[in-house]
Amino acid sequence: MAELNKEPVGNIIDIKHVSKWFGDKQVLDDVNLSVKKGEFVTILGPSGCGKTTLLRILAGFDTATEGEILIAGEDITQTPPHKRPMNTVFQRYALFPHLNVYDNVAFGLKLKKLKEEEIEKKVHRALKMVGMTDYEHRDVNSLSGGQQQRVAIARAIVNQPQVLLLDEPLAALDLKMRKDMQMELKEMHKTLGITFIYVTHDQEEALTLSDTIVVMSEGIIQQIGSPTDIYNEPENCFVADFIGESNILNGTMLKDKLVNFAGNEFECVDEGFGEQMPVDVVVRPEDIYIMPQTENAMLDGKVTSCIFKGVHYEMTVVTQGGYELMVQDYHAFEPDQEVSLIIKPSDIHVMKKERTCNTFDGKVIDDTHIEMLGETFECLPHDFARDTEVTVEVDFDKIDLTDDKEDGKLEGSVQLILYKGNIYHLTIVTDEHDHLYVDTNDVWDDGDMVGINISPEDLRITKK
Ligand code: ATP
């Protein structure tokens, strides 16, 4: 092994610049991740974001189009799955139905032709670890889902792998069993002392189990951090929206420690954004104080809904400026009640905006047409010569969406909806995998197919 590939001691896994394409579809985009020995790392993201693909590449069931995977500093990018010091537990338990519990766990060891007494010792130890000692001779079909998954875990750890990969292992269990198994998995991780890489789309599961959470969306790592970091300091709107409940609003950083949002100025603790800078503001619903209307409150509004959530009440308040905020409190304020809201500076989380408008690459066709997003668009007359490479900007609220996709210049599907208190911010992905960002008051659903139109006067064209 080349000395260059040696990583600092402590990292059991290094994923370096891994990208994956299936045909012309990019599923992973320059993924970089280091995992420490013994860490419990969860890869969290919505369906289709590439979590399973990343896990399969780690396990060796799939190969990366680009990039490399190192285990304890050794490049294993080309190593076949059975030679990697890791084992996988899948969502479906994949047990052999014709074998009993003992034989299921012993299966791999028998293939390796280990001595019978050694197999027995290892199987007993693994079954003890998952609390299934008394079930050795049971037919696996007679076990509950949770018990079957324990056997699957025993089978995966019987060879004492350095890394256990778990792909939504609890997804097929009912809620109560899932909660119990979460606690058991956490215990197992502690006792075994090996590295766990866990894939889930369930944010609560990720927050409960992990030392480190890796939040993914559309093949890109959005944030890596501890559960508290991810919850309290989301780096962008996607993370804030995906983890826990959030109010996400457009804002303007007026100057250090002063931000405007929901039509008001608020003191905050953030600095260094500059002056008059557009920002995204996140306030967790539990951080908004609600009270009967008083004078000199930060925001006044009216309750429009109040739902009991078991411990707290979840209320929607529409402020006098027309912004909708979610508020959680132990006291109920009923619909139509006039209320005041207070938010402490330290509970206002300001984030740099990822973008303030759509930006596309384009090429001039003639003095009233340009080509972008694989189509020809009419624009206002300009002086650029034919074939000039241009940058085209379009404001979020200047993209029209139509119900009938045939009516659009382009077709796309709604992939992400972010409610910003008074407007929906949508991500639209076209058939060519281009992304458009749209602000609208119309209500769309995730996955809706839409037609996309842009008026000539809304294209801002500059030379590259
Ligand atoms: P889920 O939780 O639904 O399993 P995920 O985040 O694990 O989602 P992946 O299974 O990694 O996502 O899939 C990411 C994208 O890659 C999806 O759009 C999927 O359709 C696509 N994909 C996965 N495997 C293949 C394949 N073998 N060929 C083509 N496309 C694939």
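Predicted model: local features only at pLDDT ≥ 70, side-chain atom pairs only at ≥ 80, totals over all residues.
Residue numbers start at 1 in each chain and follow its written sequence. Local features are described only where pLDDT is at least 70 and side-chain atom pairs only at pLDDT 80 or more, while totals for chains, interfaces and linings take in all residues, and side-chain values rest on heavy atoms, with hydrogens and water left out.

View 1. The shell, meaning residues with a heavy atom within 4 Å of the ligand, is made up of Phe22, Lys25, Val27, Pro46, Ser47, Gly48, Cys49, Gly50, Lys51, Thr52, Thr53 and Glu168. Sorted by class, that's four nonpolar, five polar and three charged residues; here Ala, Val, Leu, Ile, Met, Phe, Trp, Tyr, Cys and Pro count as nonpolar, Asp, Glu, Lys and Arg as charged, and the others, Gly among them, as polar. Strand β2 (25-36) and helix α1 (51-59) each put in at least two residues, and α1 gives the most, with three. (Helices are DSSP runs of H or I with at least four residues, strands are runs of E with at least two, and both are numbered from the N terminus.)

View 2. A side-chain N or O atom of Ser47 sits 2.5 Å from a ligand oxygen. From the backbone, an N or O atom of Gly48 comes to 2.7 Å from a ligand oxygen, and one of Cys49 to 3.0 Å. On its own the ligand has 630 Å² of accessible area (Shrake-Rupley method, 1.4 Å probe), and the protein covers 57% of that.

**View 3. Lys420 in its loop.** Look between β26 (410-419) and β27 (424-430) to find Lys420. This lysine is buried, at 4% relative accessible area; buried means under 20%, exposed over 50%, and partly exposed in between, using a 1.4 Å probe and protein chains only. Its side chain makes polar contacts with the side chains of Asn250, at 2.9 Å, and Asp280, at 2.6 Å. (A polar contact is a pair of N or O atoms within 3.5 Å; within protein, one must be able to donate a hydrogen and the other to accept it, and sequence-adjacent residues count only if both atoms are in side chains.)

**View 4. Gln328 on strand β18.** Gln328 belongs to β18 (residues 324-329) and is buried, with a relative accessible area of 14%. The Gln328 side chain makes a polar contact of 3.1 Å with the side chain of Glu314. Beyond four places in sequence, its contacts (heavy atoms within 4.5 Å) include Glu245, Pro285 and Tyr313.
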